[in-house]
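Please read the report below alongside the sequence and the structure. It takes up helix packing, a sheet, the domains and the overall dimensions in turn.

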Amino acid sequence: MMDSLGSFAVLLALTACAYAFLAGILAHVKKQAILGATARRAGVTIFPTLSVAMACLWGLFLTDDFSIAYVANHSNRDLPVLYKFAALWSGQEGSLLFWSWILSGYMFFVLLRHREEGELRPLAGVILAGVQLFFLILNAFIVSPFRVLAEVAPDGATRPFVPADGRGLNPLLQYPEMVLHPPTLYLGYVGFSVPFAFALAALITRSPGERWIHVTRRWTMIAWGFLTLGILMGAHWAYAVLGWGGYWAWDPVENASFMPWLTGTAFLHSVMMQERRGMLKVWNVWLVFITFLLCIFGTFLTRSGVVSSVHAFAQSPIGHWFVGFLMLVFAVCLFFFARRRDYLRSEHRLEAVLSREASFLFNNLVLLAACFAVLWGTLFPVISEAVTGSKVSVGPPFFNRVNIPIFLFLLLLTGVGPLLAWRRTSWESLKRNFTYPTLVGGATGGILFASGVRDLYALMAFALSAFVTVTIVSEFYRGARVIRTQTGRTWVQALLELTLRNTRRYGGYIVHFGIVVLFIGVAGSAFEKEREMEMPVGATLELGRYAVTLKERKQGETPNYIYERLTLEVRRGDKPLTTLEPERRLYKASEQPLTKVTIHSGWREDLYVYFAGVNPETGVPIIHAYVNPLVRWVWIGGGIVLLGTLLALHPGRRPVKVAVSERVSARAKEVAYAKGD
Amino acid sequence: MRRAIDGRWRALLFLGALMVVPSLGRAQEPESAVVEERVARLGKKLLCLCGCNQILVECNHRNCPFSGPAIATLRQAVRRYESDDLAIQAMIQQYGTAVLAAPPAQGFNLAAWITPFAATAGGLALIAVLLRRWSRRWAAAPATEATLPEDPAWRERVRREIEKELGGLS
């Protein structure tokens, strides 16, 4: 019943979507407002219709309906309810339906809001319907999650088959963060469809003014924020679950999420040049297009089996569908760009090399270079095999060697850019703004070198982090000082007022500070220590400041899995610090093993321990331990980035009268300058 | 005669034992440590090919069909060859170039290393050329319509922003 209702809902959504797309195009071409209104309403209905399909699929999981192939392959009776809920997006079919549902949610929101966008909104709705159409065709006909499980009888006939229990959810996904990581990542990926739709609609309609760029920037920031959260959660999951001691391995699936993040970041910077100076319009439009194309490309990478990855979906027949869709989208973008490129002519030219505009250009180049390096490394095995016939691998050593210098340069620009003035920066201003940051950065590097740090990249990362931090602090200090002088408020009040007065600018600085903190955390990996040891009960492993003693070895069982647990006493110096309990599990339904990592996290470093295995000859457990310095700062930095993003999204407070009069007078001066007075 | 030969042999054996036993005793522990250090170091240049994309010595999959035997092969290669390059070469012969964690910087694979930096350098050069051209144009023709502050679009924007800000105050 529920499977039929779910299938029907998907088909109904597909019909509504096809109507919204075709009628929307017709309404735009023929300028028929009533037809356009019906197309909009059809677009709005997709979200509630697909919500019914989602509810049906969740219902099938929660009622253990193993007659449905997707449920039987991704769940089992003893799976905790939370994971039954998350099992919906654990496989190809369900995750594609989930993708469509999120897209329909965004579409619903866009079609009900943005009334002030005039011609732009209906056309953006049509473009979103076009994207949605592709995914709904896949949901309805190619990879439906509502297919019934069947077996072939000896007489050759096919008949329904209901197994006693399902095959269970992949143990790696049975982790609380995995309930949130895919939705946030998808909200990011799919979210980039909205700026894409607005950018393409603006190009098609030659939308006057800059309204479209404001809408696009805002939506990009929302999608970017979700993607950042999704990537961070994925990194934390990899750290806490996969047990290889790190949080980023340059896996093709990780790379697939990182590439649109980089181009989205580039857009969020270069869009300011269009807003303020009417420059880089072609560049911005293509950045939005490329970001969307990279989202689709990432989906293709993870679902086609083109590259191998520990958390990619198995090889499936949908790869060529994505290639076709990518080519079609690219062709459409190229076509309208060729037809409308006169509309994208810059209003101004760059006036000086030492200017904010030039720093944005470099920032964009570096972000795109990083994106290209990641794309190149991800695809090189395929390219090399096609050219030479022999397969090569491109793993973390390649990505680290290529990307670390690029990211260090980017970190430098993070500090330099905001201190340069728009249009032109004088040498005096350069000296004034950069003296202290450069001194502090240099001193930090010198102190670390004197204290024995010899890793060049780590030294540079710490020195540049100090440099950027001082530039950010000085920006807040200068602004707050002006407010204090004018209003007599306290420093805290002045800082708050300053931040709320221009949330976009100061939110951006907070994002930059978060990136600095994140870099500090990443630089800590240069000082990682590890050790593996066979440990009978009573044995002690010593690593860094820690002594880990195996106290107990225990076996047990839950309804979901069988486990072998080690109780480890951790001491630091003479003092007992904590008890860690790493486990090895065997999940009953899937018969898949899992190693449960245990981490003692601190501000300075993490002690990361996992149960690596058992010596087959002696039966003695093997413990692998790492000391990972500064990892906590990676998560804190990520949190600060998200906080800054939220702040930048906040509309901000209108300036107080005193400050406004100053701003207005500054504007008036500009007008006077424009008049030549 | 026989006794003399036996005596010489015994003496030789004794001398040999004197030379070998202490050296064995001295070398036994360090040799194993050196081998393990080399295995750990070279293993970080190799990839597990079970599909996990992890560094060979960091693969933590229980009963991994690849990493266990491959690490054993690496250990043998390290014992056999004093040179790290030869040990890595032995691994390539056994498992193909795919076992390397990064493409070798030779032949077509050199492109993997050069291309990202070449693209970045090309982009930087392009931006430098554009910046120079634009700033020269600005310097040479400061009174062009597009760059003058009297540009109507610029003036209109200033007017709108002032209106917006003043509107917010009223």
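## A helix pair

Helix α18 (residues 503-523) of chain A packs against helix α19 (residues 631-649) of chain A at an angle of about 170°, and their axes are 7 Å apart; the axes are lines fitted to C-alpha atoms over the stretch in contact, with angles running from 0 to 180 degrees between N-to-C directions. Because angles over 145 degrees count as roughly antiparallel, α18(A) and α19(A) are described as roughly antiparallel to each other. The contact of α18(A) with α19(A) has 17 nonpolar, 9 polar and 1 charged residues, where Ala, Val, Leu, Ile, Met, Phe, Trp, Tyr, Cys and Pro count as nonpolar, Asp, Glu, Lys and Arg as charged, and the others, Gly among them, as polar.

This is a predicted model, in which local features need pLDDT of at least 70 and side-chain atom pairs count only at pLDDT 80 or more, whereas totals for chains, interfaces and linings use all residues. Residues are numbered from 1 along each chain as its sequence is written, while chains are lettered from A and ligands numbered from 1 in the order in which they are written.

## An open antiparallel sheet

In chain A, 4 strands form an open sheet in the order β3-β12-β11-β10, with antiparallel pairing; two strands pair if DSSP finds at least two bridges between them. The edge strands, each pairing on one side only, are β3 (529-534) and β10 (598-601) of chain A, and from one strand to the next the twist averages 15°.

## Domains and their contact

Chain A is divided into domain 1 (1-169) and domain 2 (527-632), with bounds that come from an automatic or database domain assignment. Taken over C-alpha atoms, the centres of domain 1 and domain 2 of chain A are separated by 43 Å. Their contact takes 7 residues from domain 1 of chain A and 5 residues from domain 2 of chain A, two residues being in contact if their C-beta atoms, placed from the backbone, lie within 7 Å. On the side of domain 1 of chain A that touches domain 2 of chain A, the residues divide into 1 nonpolar, 3 polar and 3 charged.

## Overall dimensions

Chain A has 20 helices and 12 strands, which are DSSP runs numbered from the N terminus (H or I, at least four residues, for helices; E, at least two, for strands). Taken along the principal axes, the C-alpha atoms of chain A fill a box of roughly 90 × 75 × 55 Å.

Terms used
Angles under 35 degrees count as roughly parallel, over 145 as roughly antiparallel, 65 to 115 as roughly perpendicular and the rest as oblique.
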